Amino acid sequence: MNPGFGERLRELRRTAGISQVELAGEQLSPSYISLLEAGKRQPSAEAVQIIAERLGCMVGDLVDPVTREQAQRAQLEIAYARLAMANGEITDARGRLEELLPQILTDRGLTDEVRMLLSEAYWRGADYRAAIETTLPLYERCVARASHLPLATVGLRLTRFYIDAGDLQAAIRHGESALRVMSEQGLEDTDEFLRAAATLLDAYYQIGDLVHAAAWASGLIERAERRGSTAGQAALYWNAALVEEAQGRLTEAVQLSERAVALLSEQHPSRDLGLLYTTCAYFLLEIDSSRAGQAVGLLDLALPVLKDFAASADLGFWEGTRALAALALGEPVAAEDYARQAVVTLAAEDRPEHAQAHLSLGDALTLQGRDQEAMAAYLAADQALQRCPQTRAAAAMWRELADRLVRAGKADEALTAYRRALDVAGVRAPALPGGSRDRAGAPARSPGTPATMSTTDTADGGPAPAAQRLGARS
């Protein structure tokens, strides 16, 4: 940032005849404006934009235009940040991009590239709010055709970020909006449109709208197959497999996921391929535990790919699935080791996979007769679930936890877990006349509790299927 920023800000503010309090408004603070003018604080890109709008000036009036030399240095920083993220050095990449962004605000192309990469760094670090806040201005520019970046790519990311943050309504709203704009721009037959549509399908799945999701998937797959879109078909097969699994059609789910793997295997190794191998293994374990050996084979293929491309959450997903395979093979000691690895890997992740790892650890300890340690693992799963976004995956996990607590003789704790599963799924008993308590005497669900998902009970009353527990991925 040019050292004269504070002086320019003070001069423009005084010329506009407004006070620091008026300039700050509700989004900033007068003390922050004072620090900026004194040169004691570097403004964020968002703050510069807000200040310019309130002063009625251009960003370039506050910040010097980017010189050719500065642009070249910025490109080197961007390239370094990409390399750092590829090597898993997310914190380093994020810090460099955050420092770079305020320096290039007058170059909209560079600014958009940095925002795009920075949003990925936030997402891979599980800071979903920051990822969303960084992407939203970029998405709005793409909708207005004011950015060189593809709307489909930015819209897909924004939808993905909202899904991972647990805000499914916002994910659907932005996903549908992006697809509508893309249709108006004549992009319906592109790979980008199909991948964005596949992500929206994921949101429908997560929110529990399985009928809509199944119909949506069928039409999109037909379109993708008609135009021979390999990447589009793979993404759609993947998410359609999750919808089939959620409806109990496990054989169809495996077939679709295997078709997705076959398509992606023809391309360069990627994160998606590693996750698909892992998802296929998960489906096999759900269909028939005797196919655990086949599942392990797929997991062996997935691991080197995930190590090269994936974030910690993806590796934790693999470790948790490998623990389940070990349980199916009757290897509780190995299952314990894999589950403990998953618990550590996912320690900073507020995701259902973290709770699943604790559940698998409890199961492995139970099989070894270590009941007290197993109960501690189940209670840790309860704590992990309370920190998760309350999606259909969380509802299914609450149900699984309740089943284990019942078997352990913890009736009160099991009842609480069952209630949480039903609350998240949007199922509750009506209030009794004259009160706000349900028929069992417990407080009714508060108005703020999510009520957007269908129940996750299976027909035979057993645990919900695996993909419901872990959630859709795209």
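At 59% relative accessibility, Arg-145 counts as exposed, a label given to residues over 50% relative accessible area, while buried means under 20% and partly exposed covers what is in between (1.4 Å probe, protein chains only). Arg-145 sits in the loop between α9 (128-143) and α10 (151-165); helices here are DSSP runs of H or I with at least four residues, strands are E runs of at least two, and both are numbered from the N terminus. Look at the backbone too: Arg-145 is not a glycine, yet its phi is positive, at about 60°. Most residues other than glycine have a negative phi.

A word on what you are viewing: this is a predicted model, in which local features need pLDDT of at least 70 and side-chain atom pairs count only at pLDDT 80 or more, whereas totals for chains, interfaces and linings use all residues. Residues are numbered from 1 along each chain as its sequence is written, and side-chain values use heavy atoms, with hydrogens and water left out.

Stepping back to the whole protein, you will find 24 helices and zero strands. Of its 474 residues, 51% count as buried. The protein exposes about 20,900 Å², and carbon and sulfur atoms supply 51% of that area, as computed by the Shrake-Rupley method with a 1.4 Å probe; for residues, only the protein chains shown count as cover. Among contacts (heavy atoms within 4.5 Å) with a separation of 6 or more, 63% are between residues 24 or more positions apart.

Now let us visit a pair of helices. Helix α7 (residues 90-100) packs with helix α8 (residues 108-124) at an angle of about 145°, their axes 9 Å apart; axes are lines fitted to C-alpha atoms, for helices over the stretch in contact, and angles run from 0 to 180 degrees between N-to-C directions. The crossing of α7 and α8 is left-handed, a term for a near helix turned anticlockwise from the far one by less than a right angle (clockwise would be right-handed). On the α7 side, the contact is made by Ile-90, Arg-94, Leu-97, Glu-98 and Leu-100, and α8 brings Val-114, Leu-117, Leu-118, Ala-121, Tyr-122 and Arg-124. These residues divide into eight nonpolar, no polar and three charged, where Ala, Val, Leu, Ile, Met, Phe, Trp, Tyr, Cys and Pro count as nonpolar, Asp, Glu, Lys and Arg as charged, and the others, Gly among them, as polar.

Stay in α7 for Arg-96, which is partly exposed at 29% relative accessible area. Its C-alpha atom is 9.3 Å from that of Leu-118, 22 residues away along the chain. Setting aside residues up to four places away in sequence, Arg-96 touches Glu-77 and Tyr-80. The side chains of Arg-96 and Glu-77 are joined by a polar contact of 3.1 Å, meaning a pair of N or O atoms within 3.5 Å; within protein, one must be able to donate a hydrogen and the other to accept it, and residues adjacent in sequence count only if both atoms are side-chain atoms.

Beyond its neighbours within four places in sequence, Asp-382 contacts Trp-398, Leu-401 and Arg-420, and its side chain makes a polar contact of 3.0 Å with that of Arg-420. The side chain of Arg-404 has a polar contact of 3.2 Å with that of Glu-400, and, not counting residues up to four places away in sequence, Arg-404 touches Leu-359, Asp-363 and Tyr-378.
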